Amino acid sequence: MNYEVGDIIEVKVNGIANYGIFVNTDYNYLGLIHISEISSYYVKNINDYVCVGENILCEIIEINHENKHLRLSIKNINYKLIPRYGKIKDTVDGFKALQKQLPIWIREKLMEIDN
């Protein structure tokens, strides 16, 4: 794989430190997303942005091919991946099934409490 600066790639988060996010790629490159490349705003807790084991998208901002290291950023991209199953479609009935069932559940619970 030939990475280039500016490429958007998928990576897996394999560690979080107070100064950044460690990731790896499918091609045995290791990457760091420094805390300054997470958001344009103050980042209090990196865990609010990613979790270990999560796959995310990153922009490559610097490459060291010799050491297979990448400097990455999520600051200016939509880094969260859309789940592989796609968008969940709304049902025609929406909450009508719950609306219909709720009085039954309440009645059953009140009878249970009374006994």
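These legends describe close-up views of a predicted model. Local features need pLDDT of at least 70, side-chain atom pairs count only at pLDDT 80 or more, and totals for chains, interfaces and linings use all residues. Residues are numbered from 1 along each chain as its sequence is written, and side-chain values use heavy atoms, with hydrogens and water left out.

View 1. Strands are DSSP runs (E, at least two residues), numbered from the N terminus. Two strands pair if DSSP finds at least two bridges between them. Strands of a sheet pair through backbone hydrogen bonds, either parallel or antiparallel.

**View 2. Hairpins link β1 to β2 and β2 to β3.** Strand β1 (residues 8-17) and strand β2 (residues 20-24) run antiparallel, joined by five bridges. Ala17 faces Gly20 of β2.

**View 3. β3 meets β5 in the parallel sense.** Four bridges join strand β3 (residues 30-34) to strand β5 (residues 69-73). Gly31 has Leu70 of β5 as its bridge partner.

**View 4. Leu32 sits in strand β3.** Leu32 has a relative accessible area of 24%, so it is partly exposed (buried means under 20%, exposed over 50%, partly exposed in between; 1.4 Å probe, protein chains only). Leaving out residues up to four places away in sequence, Leu32 touches Tyr19, Gly20, Ile21, Phe22, Leu70, Arg71 and Leu72. Contact means heavy atoms within 4.5 Å. The C-alpha atoms of Leu32 and Ile56 are 13 Å apart, with the two residues 24 apart along the chain.

**View 5. Glu37 is buried without a salt bridge.** Glu37 lies in the loop between β3 and β4 (55-64). Its nearest side chain of opposite charge is Lys75, 4.2 Å away. A salt bridge needs a side-chain nitrogen of Lys or Arg within 4 Å of a carboxyl oxygen of Asp or Glu. Lys and Arg count as positive, Asp and Glu as negative; His and the chain ends are not counted. The side chains of Glu37 and Ser73 make a polar contact of 2.7 Å. A polar contact is a pair of N or O atoms within 3.5 Å; within protein, one must be able to donate a hydrogen and the other to accept it, and residues adjacent in sequence count only if both atoms are side-chain atoms. Beyond neighbours within four places in sequence, Glu37 contacts Ile61, Arg71, Leu72, Ser73, Ile74 and Lys75.
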